[in-house]
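Please open the model in a viewer and keep the selection tool at hand.

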Amino acid sequence: MDITLELLLSIAIGVGLAAAVGFRVFVPFTIISLAALSGTLDLAPGFEWIGAYPALLAFGVATVIEIAAYYVPWLDNLLDSIATPAAIVAGAVITASVVGDVSPLLRWSLAAIAGGGVAATVQAGTVLLRDNNIFRSDGGLGNFAVVSSAELLETVLTSTVAIFLPVVAVVGVILVLWMVSRRGYGRNARKHAPATNSQIAQQAGRHPPMRHCFFKRIGGCSPVYSITLESVPGTDRPNC
């Protein structure tokens, strides 16, 4: 088998689409179905059904339902629990659908390793982002309004760039994977970091130590001395 530029570009398209699947599962399938119907994208043998109108209709309905579900609080959490295995399968399928001129064994090997692996990593990154307390400070509204909208925009842009600029898409995928690995490492480091005094106090069910400063002047003309005392656990009364 000769490694041609066309083969490398098709692999790049597949990897980019797999990354888009990590954000939303059905949006990239709808986009490649439209691209195949318009003649912009050539599908691999055996995947011509993706470029048919019945498939486009099915993907379109699934896309609308998926997008709406991520704006519903309890459905958002439910989808997170099933999205990772679904993204792995969808990432492998969508990568195999665009990689042509290779044996079926090589196509599915590339699809499983590159497509499924990239989709799973990106999906794990989205779960970490939603678990960030910054987006839950308003009771979860920020999660649904900001994060869900950003993920939708990212999956549309990534799918479009993967089809028209596959090399740029691969560079973007590398950056996303690097960011996900950093976020995961940082979260693991914070998890195993030693607890601070305030965290220990909160876990013990009492307020963190309060510091009281008292100023004492001796003889009316002596320097001011600052005395710092720690409060009695569970009260605001200084421990004298």
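Begin by selecting helix H7 (166-191), which gives the most to the lining of the largest pocket, with ten residues. This model is predicted. The pocket itself holds about 560 Å³ of space. To find its centre, select Phe 23, Glu 154, Val 176, Met 179 and Val 180, the closest to that point of the 24 residues in the lining. Colouring the lining by residue type will show 16 nonpolar, four polar and four charged residues.

Next, move to the second largest pocket, with about 350 Å³ of space. Its lining comprises 17 residues, and those closest to the centre are Glu 6, Ser 10, Leu 41, Asp 42 and Val 98. H1 provides the largest share of this lining, five residues, and H6 also supplies at least two. By type, the lining divides into ten nonpolar, four polar and three charged residues.

Finally, select Arg 24 and Glu 151, which form a salt bridge whose closest N and O atoms are 2.7 Å apart. Arg 24 lies in the loop between helix H1 (5-23) and helix H2 (27-37), while Glu 151 belongs to helix H6 (residues 141-164); the pair links parts of the chain 127 residues apart. The count for the model comes to one salt bridge. Are the two partners buried or exposed? Arg 24 counts as buried because its relative accessibility is 1%, and Glu 151 is likewise buried, with a relative accessible area of 1%; the cut-off for buried is under 20%.

Key:
Residues are numbered from 1 along each chain as its sequence is written. This is a predicted model: local features need pLDDT of at least 70, side-chain atom pairs count only at pLDDT 80 or more; totals for chains, interfaces and linings use all residues. Side-chain values use heavy atoms; hydrogens and water are left out. A salt bridge is a side-chain nitrogen of Lys or Arg within 4 Å of a carboxyl oxygen of Asp or Glu. Helices (H or I, at least four residues) and strands (E, at least two) are DSSP runs, numbered from the N terminus. Buried means under 20% relative accessible area, exposed over 50%, partly exposed in between (1.4 Å probe, protein chains only). On a 1 Å grid over the protein atoms alone, a cavity is a set of points where a 1.4 Å probe fits but cannot get out, and a pocket is an open set with protein on both sides within 12 Å along at least five of seven lines; lining residues have an atom within 4 Å of a point. Grid points are joined across faces, edges and corners, and a volume is the space filled by probe spheres set on the points. Ala, Val, Leu, Ile, Met, Phe, Trp, Tyr, Cys and Pro count as nonpolar, Asp, Glu, Lys and Arg as charged, and the others, Gly among them, as polar.
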